[in-house]
Every structure is written in structure tokens, then in C-alpha cells.
Amino acid sequence: MTEDLILKDLNPYQREAVVHFEGPLLIIAGAGSGKTRTITHRIAYLMAHYKVPSHHILGVTFTNKAAEEMRRRVERLVGTSKTPWIRTFHSTAAAILREQIHHLGGNYTQNFTILDEDDSRAAIAQTMKELGCSDEGLNPSFVAEVIDRAKDDLIGPEEFASRRLGVFDGYLLELLDRIYKHYQRKLEASNALDFADLIRLTVRLFQERLDILNFYRDRFRFIVIDEYQDTNYAQYIFSRMLAEKYENICVVGDDDQSIFGWRGADPTNIFKFEHDFPNCRVVQLKMNYRSTARILRAASAVIQNNQLRKPKELIAKRPEGERLYLYCARDEHDEAEFVAQQIEHLHYDKGVPLNHIAVLYRINTLSRVLEEALIRRGIPYEIVRGLKFYERAEIKDLLAYLRFLVNPADDLSLARIVNKPRRGIGEKTIALLQKHARTAHCSLWDAIKYGSENSDLGTSVRARLKEFYSLIESLRDYAKTHSPSELVVEILHRTGYLTELQAEGLDSEERVGNIEEFIGYVKQFEQRGGLRELLEEVALMAEADTYSGEQGRVALMTLHSAKGLEFDYVFLVALEENILPHGRSIREGTLEEERRLCYVGLTRAKERVYLSFTNQRSLYGRLLLNAPSRFIWELPQEDIETSYGIPLGSNLQAKSWDI
């Protein structure tokens, strides 16, 4: 595509960002302002006009889905043979570590396993059990969160105690310190990394090896980072280190949409960019192409109450549109019926496709009553709630087989598959083998390999271990000459996994269906990569990547999951104090993030927003009498249509809250 075509149909603000060549660039991209178009056209223009080779360009975003969309758009502009690196943060770090991790020493090799959240928590629980900490009242999920946050702050196990002094009391800090150190040793022994290790170890590599850092600085001379407001400290340092030599870094973001503070995201990274790169150019994308003027006006009225934000102007390119609809429900059942009834009206009377409608809520718990109402009216829906498919036992088992075939040092995956399907190698045998591995300073696989020489094991157990060893080695040989999907089928056949599953009855039909679905996914993936790439994509999959947008289904999801998506009609339910804003945010003083969450929800809508709250709500087994959310009172009343006979400012008295 020619340079003129790349610039065609861009508004003046987008064009200014696209044609900028060298030097740092900060793009403030409000909701619906065409930021993906701007980013992709900028990358294409760098290549077409400034003749920057594609291998010198790095594009970084947060989800596989966003990265894939960016790749497709760039390919449409410049052709498929010239696509630069466009990946998620964690995928970028993983690719660098695949090439360089051996420089960190220890047991790390390029075939390292990436643990997903579920596997990481299981490894932490196992660590706590081995250390005798299981009875200390510590929840493995809490420990995992503490370790994740430490890694996101670039705090390794050796610095943890000193860097977290005063955050936890002495005894708890000592326990957490022991668990972190033991957990990290366990990961390294298994040649495994958890999600947070990917960025942390890449930064450590850059800090320890200036030659490697300069290699990637020279390789990626132009960097484009999307959703910069969602970066945590580790990602911020990673980005800054890569850009410091040439300073050709373009970051795109909107501090008003920073909603992931609970996982370490820091909206002030946007503010710091101008300090880090004093000669940076700032461009604001002011045109909103998504929402009607009323929706945009309402969202802007809410977010302007935040103090920690960059002032910005958004201009609606669409007409006024319908007023926002506010419904006061008697209880959660009345609210759910209202939502289902309105969806029915939109679909059957106005012809709105169901997949153009979304119901958004602050917490997953709120979905149950909504689902029941939709089921009663026969309205199909899709619920986005994390990685449930890949968390199913049969899928986890197959992934563990695949991971172990790639990485023989992966003791965590090996411990999962050694007796699946049942082959007479029980927990006692595994515990003995693990003890032997620790004593001999070898992997669990080596302990199994030489199990025939272990006098602590009975004759029949040694025979079963020998048989299992031969099975795995034969599968490893098979993997060298066959595709990943063929390997999955072979695993099912040779291990007898499928036969045992079918014999179990009960939900075996559904579980077999899940396996068939997984094989189908693997076949599709083979067009893009091999086994190692497949395992990496699954491990790095984000919640938003699981939304299919399937035709004929209403989307139900949390406000966090809705980030980056858009729908014609949006229902924002449970706008109540202690829900939105969340009670924890009120107690901890993080109300501004809750307001940003409300802003994100409002700006997902193109045509109309439906808001609702209840007089009383049963939640967590209690009857709650929450006040309407303070965010309702921040909306312009002239843009609101109320229902159920309770107009704003009459029966419901506006309250004064601390902003």
C-alpha cells in the first residue's frame, strides 16, 4: 500500500501521530478514538515512508487477541512478508528468554515451561506442604499474590525480606520469605517460569548483560507500546531499558482507563513518560468514533471527578442518540428480569443481534441471577469468566504431557501425569522418588529413569516405572516427526487415557468432547506455530482472549474483562455503593480506579447504556441495603431517563461522598 493510502481517512490528530518519525512520542488515546488504527498505520508508515526494516520494529500490547488484530491490520497495509514483531509483553519477554535464558545460569534452558496461574498456585501449595506451612492459616492464593506483586516490583527471593520489611509482621514475613525462596528453587529445578518471572528475569538479564541489552536495543530501534496505562513497574523498566539508546519509543494509553491497579498497573507511568523522555512529543486523539454524544458526555461527566488524571477533550463524531436508561429495581431478581426483558425487546422488536449486547458487572458473583433470567426467556448467552476451558482436569492433564515432552526437567508436570491414567504409581511412590531426587540432586525424571536401582521400591513398582519411562521416551521420539495434534491423539491412544475416561461414565461424554475441542484448537494453531509456541500461547492467554463474540449470544462479563471491547447496547448492573464502587476501594482509598472502571463500562457502548441498581440485594448469603452508587449522581440528569417511578433527586436523595 502506498504512503498516501496509509494516511487516507486519518483525522488530523491521528495523522500527526502516524507521520512522527524519530524521538519519543506519547499518544493520549481516549475511549473510541481509533487508537488501534493509529498504531497500525504508524507502524506501516514507518516501513513504507521512512523505510524502517520490519525487524527493527517492536509492537507490544497486553492480550493475544489485541496482538493478533494489530498484526492483521499491519499485514493488510504492508503485506504479510514484512510483519514486524507484534506480541504481548509476556510473549516478547518469553521470546527473548528462549534465545538468552542460559546466560542466567542455573538449570534454565530454552525449553523452559511457563506455568499458568493455576499451576503456579498448585506449586506454591506443594511448597507450603513441603515446608510444613500448610497449617499456618496461610492461603496459597494469598501467598501467590504476594509473590506475584514482589516479582512485578522486580523483587527476587533474595531481596524479599529486606524490601518487604514493615509491610508484613515479623513472623509472617519470615514464613513468606521461606516459601518464596523454596518455591523459586522448585521452579528453577523444573526449568520452569511463572507468569511474573518472564518480565523479571528479562530485566535481570538486561541488567547483568549490557551486551545482550544492546543487541535488542539495536534490533528494536522503533518501539510501539499499547495500553501503557496498564503497565506495572517491571514492564515500565523493561520498556525504558529497551528504548534508552535510540529513544524511538511511542506509547499509547489513556490514564482514564487504567483499571488494573490490583495487579500492579500504575497509571502514573503515563505521567512519568514526559519526565523520562523530556523531548517527547504529545499527541491527543480527540475524536470519538464509537459512542453517541450523550454516552460520551455522561462518561466524561463521571471521570472528570477524578483528581489524578491528565485533562483531555473528547469530541463525539456521532449524533446525540438516546438518553441513558436508569432502572431502580426492587431486588436482584427484578433487576435481572428488567435486563432480560429489555434484551428481548432489543432483539425481537428492534432486530439487534444478540452478540451486539453486553451485560457488565463489577464482580462475577452477580452473574448467577442474570443467567437464570436469560435462561427463563430462552436468550442464549456467553459468559466470560477466565480460562475455564484450560482449567478442566482433562485439558490440564494433556497440557502436562505436552509440557513434559518438551521439557524433561519439568518435575511439576511429571508429578501430574505419572499416574494419569492410573498405572499403579501412587502418592507414596512419588513421594519416595521426590525424596530420592532431592537427596541425589537430580530431576524427578532421572529418579524414575534409575528407579530400578532404588531398593526402597518394590519389584512391581520398579517394573511399572520402567514401563512408564519407555512410554514417555517413545512419545518423545514420536513428537520429533509428527504434528502437535497427531501427538495429542497418540498420547490419548498409547497411555490409555481416553479409554479410562470413557469407562468412568458420569460426565465422560462432556470431557471427551472437551478433548476433541482441544484437538481442533491444536490443529488450527499448527498454521501459526509448533508445539512450544502452542504451549506458550495457552500459558500466556488472558481472560479477554477467551471471549469469542459468537453470533447469537449475549455477552456477560466483568467490567475488567470488557476492557478493549465494544457493543451496541450495554447493561451496567448493580450500580450500588460497596459494589461499584467496591467496598474494599472505599476502605482503602482507591475510589479513583473504581470511577475509571465505571468510565470504561460506559464507553463500551455505541448506541445506548442501561444502568440499574436495587433497593435491596441478596449477596453472599446476606441481605444488603446498599445506597445507589455515587457515580449515578455524577451523571448529567438531562441525559438520563429513569424508570420505576423514582426520578433522581426525589425519592432518592443525593448524598455527599468523599471523592
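In which loop is Asp9 found? In this predicted model, in which local features need pLDDT of at least 70, side-chain atom pairs count only at pLDDT 80 or more and totals for chains, interfaces and linings use all residues, Asp9 is found in the loop between α1 (3-7) and α2 (12-19). Residues are numbered from 1 along each chain as its sequence is written, and side-chain values use heavy atoms, with hydrogens and water left out. Helices (H or I, at least four residues) and strands (E, at least two) are DSSP runs, numbered from the N terminus.

The phi angle of Asp9 is near 70°, a positive value in a residue other than glycine, and at 61% relative accessibility Asp9 counts as exposed; here buried means under 20% relative accessible area, exposed over 50%, and partly exposed in between, with a 1.4 Å probe and protein chains only. A positive phi, of about 80°, is also found for Asn578, which is not a glycine. Asn578 lies in the loop between β15 and α27 and is partly exposed, with a relative accessible area of 43%.

The loop between β15 (567-572) and α27 (583-588) also holds Pro581, and a cis peptide bond with omega of about 10° joins Leu580 to Pro581. Another cis peptide bond, with omega of about 0°, joins Lys420 and Pro421, and Pro421 is placed in the loop between α19 (411-417) and α20 (427-440).

At the level of the whole chain, 29 helices and 19 strands are assigned. The radius of gyration of the chain is 27 Å, close to the 26 Å that the globule rule gives for 659 residues, so the chain is as compact as a globular protein of that length; this radius is taken over C-alpha atoms, and the rule is 2.2 Å times the number of residues to the power 0.38. Along its principal axes, the C-alpha trace spans about 80 × 60 × 55 Å. Of the 659 residues, 57% count as buried, while the chain exposes about 27,900 Å², of which carbon and sulfur atoms supply 48%, as computed by the Shrake-Rupley method with a 1.4 Å probe, only the protein chains shown counting as cover for residues. Where contact means heavy atoms within 4.5 Å, 77% of the contacts between residues at least 6 apart in sequence join residues at least 24 apart.

Within helix α11 (residues 210-219), the buried residues are Ile212, Leu213, Tyr216 and Arg217. These residues cover an arc of only 140° around the axis, which puts them on the same side of α11, the arc being that of the directions from the helix axis to the C-beta atoms. The buried residues of α11 pack against α5 (89-100), α10 (195-208) and α12 (233-243).

Val369, found in helix α16 (residues 367-376), is buried, with a relative accessible area of 8%. When residues up to four places away in sequence are not counted, Val369 touches Glu332, His333 and Ala336. The C-alpha atom of Val369 is separated by 46 Å from that of Ile96, the two residues being 273 residues apart along the chain.
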